[in-house]
Structure formats: structure tokens, C-alpha cells
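Dear colleague,

Please find below the structure that I am handing over to you, followed by an account of what was found in it.

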Amino acid sequence: MPSGTPEPEHPFVVLGVSGGIAAYKTVELVRRLRDQDYHVAVVVTAAGEQFVSPLALGTLASEPVVRELFVPEGGPIPHTRLGRRADIVVVAPATADVLGRYAAGLANDVLTATLLATSAPVLVCPAMHQEMWEHPAVQENIATLRRRGVHVLEPENGALAGGDAGAGRLPEIPTIVDEVATILGGHARALMGRRILVTAGGTREAIDPVRVLTNRSSGRQGHALAEVAARWGAHVTLVTASELPVRDHAGRIEVVRVASAASMREAVLDHLDESDALVMAAAVSDFTLSAAPTKLKRRDGVPELHLEPTADILAEAVAGRHAGQVIVGFAAESSDALANAREKLRNKHVDLLVLNDVSRPGAGFDVATNEVVLLDASGEEALSQRSKDEVAQAILARVASLLSRGDA
Ligand code: CTP
């Protein structure tokens, strides 16, 4: 780092704002980046200024907003100063136009000049209408930038300007802030490059070609675990029995869709050896049956279903675990929750057990929030009700510290 750079504990973030409607969200982004104790310098393009006030951005940033490539004689040249000092350059929103000029190596405004003048990591957060995002020109520019090592946070699906909907929305501000932290190292460093295997959803055992035996797990908690782990830099394999979409902005999640307990077991065993940690959030059926080859007919009377036990995937993983591998189990309980969970912690030999009392409102199946207790050999921590994303963060912070302890 050249002299005069900020102390490492205050990373220097250059935020480039270009001209899309999502630019209005960058006032909040500056604030949240400052909350992380980053030094934040903002560069705004002429088009960006049409959507967000440089005064608002500059009031919250660590220094005055840079708007011009050309400065009065004798002043420091802003793009080389910012480009050299940056620990990361974030472009949010990144319009199709800015992505195109950056990919082509053009530098006709202060933002693209800064991008060419930096050797720091660059994170672009594209936001535009779906038609533009999917245009081959934009996709080829993205591919070019990725090839050059630029980080791309893919846009989300949702409402777009003008009443439209589709892929093209700027990701939520915490997602951008997390991605910045991941790239910079920060709190997420412990999962950087780790391989995390996550299971999610409720398995489905076929009764006949039409009917299934299943449970009420939605897969939301497991998907949140996979998404947060990926945001924190891990390479994730998500073995899921859920139909829910997976938000994988960083392109670090391999999704394996399964249905039955047996197919989940096979997928888990396929990926177990290479994994540093297994987080078994799925609600795996304890029972299965031989599926009838054709639909059971009502006229044949009430069928008798012969249930058989499924293999306990978690138990197999524990029995075959390799040194340093971290294994997290879940306990879904509806009565005597804590007592049952303590017993499971004793019997299952996992490093961490996550108790989900599914009888509580705002916890467990198919709701956006969860309320869990984390149990391990050293004690119990009850987490108040919070989003499944935040629960995932708490669980993965434990996984990260268990992994780093294993390294020591
Ligand atoms: N699990 C598993 N394979 C199974 C059943 C469960 O790997 N066939 C895992 C779950 O993913 C979870 C943990 O085991 O991480 C505990 O699941 P849970 O259903 O709470 O416990 P069980 O041991 O099945 O006990 P019970 O259903 O009797 O409460």
C-alpha cells in the first residue's frame, strides 16, 4: 500500500454511483458502509446526479463527493488519487452504460477513469430493466469483467421502475455491505474459501405417482444458511428438498435438488468428504415406504401403508467425519423442547445443535422469522426472534469460529 493510506482497520471504500433509479438507495448505502467504520469516498456520474443529490451523499460520506474529471489547475487529480487509495471500488448501481464503458476500457468520466486507475478489487452491482440486463451486449460485458476478476453482485428479481417486474433490482443494502465485507476480509474472513454443505427443506417420500409423505418444512432456514455462507465467501453445496429459489449473487452456491430422504442421503454422502462443515438443516423424513407403481384407487379401499425407517444421514456423517470437520444438527421439537434438545446433543455427537421449537409463533416452519437455541458442549444460547437470515448469521458465526479453532 502506498504511504498515506488509511489504517487497515478503516478500509477505504470508493463508491461509484451511476445513473439509474436505484441511485436513490445509495444514501442509505453510504450510511451503512460508514457504520462498518469504513472511510467512504463517493464518485457520482452526471447521470447519477439526476437521481440522487450529491449534497445528501456528501453529507454522509467521509469526504466531499467527486463529480468532475477535470479539476481547476493545481488541484489533485481525483481519479488517480481515489483509484490508488481505494481498498475496494464499489459501483452501485452500475448501469448498462457504465458496465459497457468499463468493459471497453473507456474513461470519459470520473467514475470510469477511477475504475481504470485502480488495482483494488472492484465490485459492480448492476441494476437496470430486465430486458437490458438480459441483452447479450450487457451479458458479454459482464462476462468480460468477470474474466478480469471484477466481482459482480447479480441483480435481484422484483419490482422495477415504471411498474415493471423482473430481474434487475439492486440487491438489498445489507447484501451489498456483506459482499464488501467478504471481499475486504473483515468478519467474514473465516468462511472465505471454506466448503460448506447445507441441507434444506422437507423430504418427500412417494406413496404412489401422485401422493407423497412429507412435512411442513419450507426450506427457508436452510436456504438462508446457504445464502449467508456464500455471502461470507464460502463455496456452498446446498442439497435441498425445497422448491424455493436460491439467491446466489456471488455465484458460489451449487444447488442439488432432491426429493426423498434416500436421494438427500446420496447427495450428502457425495459431497461430505470435500466439506469443511455440514449444516443439516433439512427436515428429513424418519420413515419411508415402497411407492405403488400406479395411483392407488379409492375404489380399492383405504390402503395400508407399511412404513420403514430411513437412514439417519446425520449419524452417518458423524460416524465418518474427518478431522476438523464441523457438524451442525437441528432439532425440531414441539414439546419438552429443551430437554429433548439436550438429549439429542448428548446422543448425536454434533459440534452444535440448533433447537427449533416449532410450536412457538414466529418460529419453525414456513415463516420468515425463527427463534432458536444454540446448544454445544460449552452451554446454551437462546436467540430472540429474528429473521432467518440473521439466525443463519448467528449459526455460521459459530461454524466459523469452530473451523478456525480447528486450524489452530
Ligand atoms: N436427520 C437426518 N436423517 C434422518 C432424520 C433426521 O440426518 N433420517 C437430521 C436432521 O436433519 C436434523 C437432525 O437429524 O439435523 C435431528 O432431526 P430430528 O427429526 O429433530 O431428530 P430425530 O433424531 O429424527 O428425532 P425425533 O424425530 O424422534 O425427534
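Helices (H or I, at least four residues) and strands (E, at least two) are taken as DSSP runs and numbered from the N terminus. Please bear in mind throughout that this is a predicted model.

With that numbering, V302 falls in the loop between β14 (287–288) and β15 (308–309). Is V302 buried or exposed? Its relative accessible area is 80%, and exposed means over 50%, so V302 counts as exposed. V302 and R257 are 45 residues apart along the chain, and 32 Å separates their C-alpha atoms.

The eight-stranded sheet

An open sheet is formed by eight strands, in the order β12-β11-β8-β13-β16-β17-β19-β20, with mixed pairing. The edges are held by β12 (253–257) and β20 (379–382); each has a single partner strand, so one side of each is left without a neighbour in the sheet. On average, neighbouring strands here are turned by 15° against each other, direction ignored.

At one end of this order, β11 (residues 235–240) pairs with β12 in the parallel sense over five bridges, and V236 is found opposite I253 of β12. Two helices pack on the sheet. Helix α10 (residues 220–231) touches β8 (195–200), β11, β12, β13 (277–280) and β16 (326–333), and its direction makes about 170° with that of β11. Helix α11 (residues 261–272) touches β8, β11, β12 and β13; the angle between its direction and that of β8 is about 175°.

The nonpolar cores

The largest nonpolar core has 34 residues, of which L191, I196, L225, V328, I395 and V399 touch the most other members. At least two residues of this core come from each of β8, α10, β11, β13, β16, β17 (352–357), β19 (372–376) and α14 (388–407). Which element gives the most to this core? It is α14, with eight residues. As for V399, its contacts, leaving aside neighbours within four places in sequence, are I196, A277, V326 and V328. Another core, of 31 residues, lies apart from this one; L69, A103, V110 and A120 are among its members.

The ligand

There are 16 residues around the ligand, and A282, L314, F330, K344 and K348 come nearest.

- In the side chain of D286, an N or O atom is 3.0 Å from an oxygen atom of the ligand.
- A nitrogen atom of the ligand lies 2.9 Å from a backbone N or O atom of A311.
- For A332, a backbone N or O atom lies 3.2 Å from an oxygen atom of the ligand.

Strand β1 (residues 12–17) is mostly covered, with six of its six residues buried. In a regular strand, side chains alternate between the two faces of the sheet. On one side of β1 are F12, V14 and G16 and on the other V13, L15 and V17, and all are buried, which leaves both faces covered. β1 runs parallel to strand β2 (residues 39–44), to which six bridges join it; G16 stands opposite V43 of β2.

Why is strand β4 (residues 122–126) described as largely enclosed by the rest of the structure? The reason is that five of its five residues are buried. V122, V124 and P126 point one way from β4, while L123 and C125 point the other way, and all of these are buried. β4 is joined by four bridges to strand β3 (residues 88–94), running parallel, and by two bridges to strand β5 (residues 151–152), also running parallel. V124 is the bridge partner of V91, and V124 also stands opposite V152 in β5.

Not counting residues up to four places away in sequence, V150 touches Y102, V122, V124 and L145. V150 and P121 are 29 residues apart in sequence, yet their C-alpha atoms are 6.8 Å apart in space.

With kind regards

Technical notes:
Residues numbered from 1 in each chain as written. Predicted model: local features only at pLDDT ≥ 70, side-chain atom pairs only at ≥ 80, totals over all residues. Heavy atoms only, no water. Pairing = 2+ DSSP bridges. Axes fitted to C-alpha atoms, helices over the stretch in contact; angles between N-to-C directions. Contact = heavy atoms within 4.5 Å. Core = buried A, V, L, I, M, F, W, Y, C linked by side-chain atoms within 4.5 Å. Buried < 20%, exposed > 50% of the residue type's maximum accessible area, 1.4 Å probe, protein only. Near = heavy atom within 4 Å. Polar contact = N/O pair within 3.5 Å; in protein donor to acceptor, adjacent residues only side chain to side chain.
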